[in-house]
Each structure stands twice: as structure tokens, then as C-alpha cells.
Amino acid sequence: MTALRLLSSISKRTQSFLPSAAPTSSSAASTSAARHLSTTSTLDRTKSTDNYNAVLSTFANVRACAVLRTATSAACPKAMQACIDGGFKIVEFTLTTPDCLTHLSSFRSKYDGTVMVGCGTIMDVKDAERAVDAGAEFIITPVMLPDVIGWCAERNIVCVPGCQTPTELVSAYRAGAPLQKLFPGVAGGPMWVKVRGSNVDDMRSSFGG
């Protein structure tokens, strides 16, 4: 099964995706924005600030991601190839797909620099480590997991956690997630995002599921 994730169109200010444009109206917001980007980290798997900003810029500019989940390993590369041939420039493999990381690694090598490849259904730090080692350029979680968000933030890895309530969205942002995924999106839909954006417009979210 292939799903489509769309970035919210509440605001078209591309720079708002980047840490430099994070809100500074309160000390809490300033602190959370600073945690989104590390300039001195020497931790394992740490990405450069340029890489971090490039991932966010790609999300801001492309604004659509193909999310792949297949029941068999054999179906995975065929379905993902169809997505890319159809024009998708951001794709997400999910850990529920058999041999997910093998396929992710293969597509990352094949399309490095032309298609941004990430990994979803990450449930803990070990999942995130394995995904990054396989070549994932961003991490997607189905729920708000502070340990995974923090691990990614410390290493300049873009993490997009699944959130359902305004409290979860704000908590994820303050934990270090520059983007959040409204999941499941069918539970609220565009009207939910419109209302949420009227009073929590400092964050950027995507629709999922």
C-alpha cells in the first residue's frame, strides 16, 4: 500500500521550516528552537547543519511524500519504483515492510541527491539507529516519542513524529522536532489543521494516514 503525505499549506513561508526562523517570543520557544540544530555535536551518526537544513528545505519545497507499506518484500521495490517514476521526490519506507532497510539502502544508493529517502514506523532509538545506518535521510514516528526526537535532534537528523492533539504537537516541537505529522490525518482533516493553525502557527505539520 502506498499512501500520500502532504505538508500543511497553512503558511507558504519556506524559511519557517528552518531553525533560524523559529519563534523567539518566549524563553521556552527559544530554547526548543536551539535544540533543533546542533553545531558542536560529536555524537555518532551526527549530520552537518547543511544536511539538516537541506532536508527541511526539500520538505518545504516539494511538500508531498510517498509512504510505502507492502505485505511482501518482493512487492516493495516495484511499488517504490512506480512512485518515483510517477514523480515523487520524497519517499518513505516503513519498518513494517519485510526487508525494509535493505530496500531503503538500495534506493538511497540509486537515487542519492535526486530523491530524498526516509524511514517510518520508527518506534525506538534502536530503530532510528538502524534506519540511519541504512541511509535514511529523515525519521518518521507514528506517535510522539521524546527519546527518538531527542536522539535525532542531538544529531541534526530531521525527525517528524506522529501527533494527534495540540499538546502533542507543541511537546514534539519543544522536544526538538521541527516538523510534526498529524496522524491519523483522517481523524481531524484540513479543518482541524486550519483551527489549530489559528493559534499555534509557529509550527509546521504534515497530514498522514
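Predicted model: local features only at pLDDT ≥ 70, side-chain atom pairs only at ≥ 80, totals over all residues.

Trainee: Which residues of helix 7 are buried, and what puts them on the same side of the helix?

Mentor: In helix 7, which spans residues 166–175, the buried residues are Leu169, Ala172 and Tyr173. Because they cover an arc of only 100° around the axis, they lie on the same side of helix 7.

Trainee: Which other residues have a positive phi, as arginine 63 does?

Mentor: Arginine 63 has a phi near 65°, a positive value in a residue other than glycine, and it sits in the loop between helix 2 (49–62) and strand 2 (64–68). Asparagine 156 has a phi near 60°, again positive in a residue other than glycine, and its loop runs between helix 6 (146–154) and strand 6 (158–163).

Trainee: Why is asparagine 156 called buried?

Mentor: The limit for buried is under 20% relative accessible area. Asparagine 156 has a relative accessible area of 2%, so it is called buried.

Trainee: What makes strand 2 largely enclosed by the rest of the structure?

Mentor: Strand 2 is largely enclosed because 5 of its 5 residues are buried. Ala64, Ala66 and Leu68 point one way from the strand, while Cys65 and Val67 point the other way, and all are buried. Strand 2 also pairs with strand 3 (residues 90–94) in the parallel sense over 3 bridges, and in strand 3 the bridge partner of alanine 66 is valine 91.

Trainee: How do you know that strand 2 and strand 3 pair?

Mentor: Pairing needs at least two bridges between the strands. Strand 2 and strand 3 have 3 bridges, so they count as paired.

Trainee: Why is threonine 121 called buried?

Mentor: Threonine 121 has a relative accessible area of 19%, which is under 20%, and therefore it is called buried. Its place is the loop between strand 4 (116–120) and helix 5 (125–134). Leaving out residues up to four places away in sequence, threonine 121 touches several residues, including Arg69, Glu92, Asp127 and Pro142.

Trainee: Why is the pair of arginine 45 and glutamate 129 called a salt bridge?

Mentor: The rule asks for a side-chain nitrogen of Lys or Arg within 4 Å of a carboxyl oxygen of Asp or Glu. The closest N and O atoms of arginine 45 and glutamate 129 are 4.0 Å apart, so the pair is listed as a salt bridge. Arginine 45 lies in the loop between helix 1 (27–35) and helix 2, and glutamate 129 lies in helix 5, so the pair ties together parts that are 84 residues apart in sequence.

Trainee: Why does glutamate 129 count as partly exposed?

Mentor: Partly exposed is the range between the buried limit of under 20% and the exposed limit of over 50%. Glutamate 129 is at 23% relative accessibility, so it counts as partly exposed. Arginine 45, with a relative accessible area of 26%, is partly exposed for that reason too.

Trainee: How many salt bridges does the count come to?

Mentor: The count comes to 8 salt bridges. One of them joins arginine 108 and aspartate 112, with the closest N and O atoms 3.0 Å apart. Salt bridges that share partners join Asp44, Arg45, Glu129, Asp133, Glu154 and Arg155 into one network.

Trainee: Which residues touch the most other members of the largest nonpolar core?

Mentor: That core has 34 residues, and Met80, Phe93, Leu104, Cys119, Ile139 and Val148 touch the most other members. Its largest share, 5 residues, comes from helix 4 (residues 100–111). Apart from this core lies another, of 13 residues, among them Ile90, Met116, Ile140 and Val160.

Key. Residues numbered from 1 in each chain as written. Heavy atoms only, no water. Helix = DSSP H or I, 4+ residues; strand = E, 2+ residues; numbered from the N terminus. Buried < 20%, exposed > 50% of the residue type's maximum accessible area, 1.4 Å probe, protein only. Contact = heavy atoms within 4.5 Å. Arc of directions from axis to C-beta. Core = buried A, V, L, I, M, F, W, Y, C linked by side-chain atoms within 4.5 Å.
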